[in-house]
Amino acid sequence: MSEPQVRSEVGPLRTVVLHRPGTELKRLTPRNSDQLLFDAIPWVDRAQREHDAFAEVLRGRGVEVLLLRDLLAEALADERARAAAVLAAVDELRVGTDIADALSSHLAGRDDAALAEVLIGGMTFEELPAGDGRSLVRRMHHPHDFAIEPLPNLLFTRDSSIWVGERVAVGSLALPARRREAALTDLIYAYHPRFAHAGRAYGAHSAPVEGGDVLLLDPGVVAVGVGERTTPAGAESFARSLFADDLAHTVLAVPIAQARASMHLDTVCTMVDRDAVVMYPAVQHSLQAYVLRPHDGGIDVAGPEPFLTAAAEAMGIDALRVIDTGLDPVTAEREQWEDGNNTLAVAPGVVVAYERNVETNARLEEAGIEVLRIDGSELGTGRGGPRCMSCPTHRDAL
Ligand SMILES: NC(=[NH2+])NCCC[C@H](N)C(=O)O
């Protein structure tokens with residue numbers, strides 16, 4: 001077991017946190033899926049098989065796979081973690097005082113694994129421990145309403161925490177459906193013995209920053225997408241924290257369209273080699289970046305200038321190699337939507353990608369990138385690919 005550290009997007013991957021989806025996906029219905037940020041109702045058994053295959057591909061490349069559910073249950077062995085978890089899960093404004101009290105003591109009595117299961121899978125009013133059946137809140141809610149919201153997007157472990165160097169930043173997630181993910185992630189890093197020495201970057205209650213928006217282009221060079229999720233204030237305070245800890249010399253703040261298709265920077269661009277990205281052609285020439293550098297205890301802001309130029313300059317290379325999504329504009333649009341750009345590098349020039357993005361994968365191979373294909377027909381219903389579904393905690397240096 002090695003101390004966590006991540007300085008690039010493509011250094012040989014040693015350890016990663018994944019979340020094998022479970023009960024929380026079974027909660028999705030056509031009525032709640034929009035709010036819970038899924039575009040279709042996944043076939044859960046198959047999603048689990050796809051996810052197991054994803055984990056196997058990584059293990060086959062020598063990557064240690066940590067499962068979030070296990071980490072959470074292990075962290076809950078600490079009484080302080082249990083107390084914080086119950087506090088975060090029971091929302092008195094949602095369930096009222098009577099149910100809140102009963103539910104808190106019910107949860108406090110569950111064993112670690114059972115508590116972890118409720119924290120992830122949520123609980124409906126119908127599943128509440130038997131008790132005061134006369135409660136107004138209970139009587140007026142539909143039995144299938146959630147007393148504790150499920151967290152189907154926990155599958156996308158990328159977004160709730162970000163490792164930079166030896167520090168971890170627990171993100172502040174923008175949308176209500178995902179906020180509690182940060183609380184659970186925070187518990188793991190605070191109380192799991194494996195992460196006992198991890199320093200923190202950024203503050204959990206700061207302006208929104210989601211991991212899907214953060215790309216470690218090179219040691220010391222970090223790109224942060226600003227759009228539907230990460231806000232300008234989030235990018236600024238994230239940069240300030242990286243500069244203060246000497247984790248970056250340049251941060252590129254990259255405006256992206258506020259749209260579902262491009263919710264995070266990693267939906268339009270990911271790194272596939274130390275000097276190469278796979279990128280959506282429709283944004284290639286329009287993507288801009290503000291260039292942030294530490295200056296006199298503050299931040300100097302230059303630009304905006306073209307993203308690709310700013311990135312190459314900060315990385316100290318002539319140019320980034322750019323591999324296009326898809327083929328023609330229509331295929332590119334389809335494959336961008338299906339996470340064709342959302343690849344996970346396991347080493348420089350070796351990436352995991354969804355097999356369905358046939359044209360993009362062919363382009364990658366033409367450019368000399370090895371593509372490890374996985375099936376993602378069900379996993380992709382939440383709009384996320386291999387990069388979104390993984391949080392690297394250790395990569396070897398380039
Ligand atoms: N890094 C990513 N692109 N994550 C994808 C997250 C997808 C998730 N359903 C959401 O809308 O938040």
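Two residues are in contact if their C-beta atoms, placed from the backbone, lie within 7 Å. The model is predicted: local features need pLDDT of at least 70 and side-chain atom pairs pLDDT 80 or more, while totals for chains, interfaces and linings use all residues. Residues are numbered from 1 along each chain as its sequence is written.

Q: What share of the contacts with a separation of 6 or more joins residues 24 or more positions apart?
A: In the protein chain, such residues account for 70% of those contacts.

Q: How do you know whether the radius of gyration agrees with that of a compact globule?
A: The radius is taken over C-alpha atoms, and the globule rule is 2.2 Å times the number of residues to the power 0.38. For 398 residues this gives a value near 21 Å; the protein chain has 21 Å, so the two agree.

Q: What makes Ala81, Ala85, Val86 and Ala89 one side of helix 4?
A: These residues of helix 4 (residues 79-89) are buried, meaning that 20 or more other C-beta atoms lie within 10 Å of their own, whereas exposed residues have 12 or fewer and partly exposed ones fall in between. They cover an arc of only 130 degrees around the axis, and therefore lie on the same side. The arc is that of the directions from the helix axis to the C-beta atoms. Helices are DSSP runs of H or I with at least four residues.

Q: Which exposed residues does the face turned away from the buried side of helix 4 carry?
A: That face carries Glu79, Arg80, Ala83 and Leu87.

Conventions:
Helices (H or I, at least four residues) and strands (E, at least two) are DSSP runs, numbered from the N terminus.
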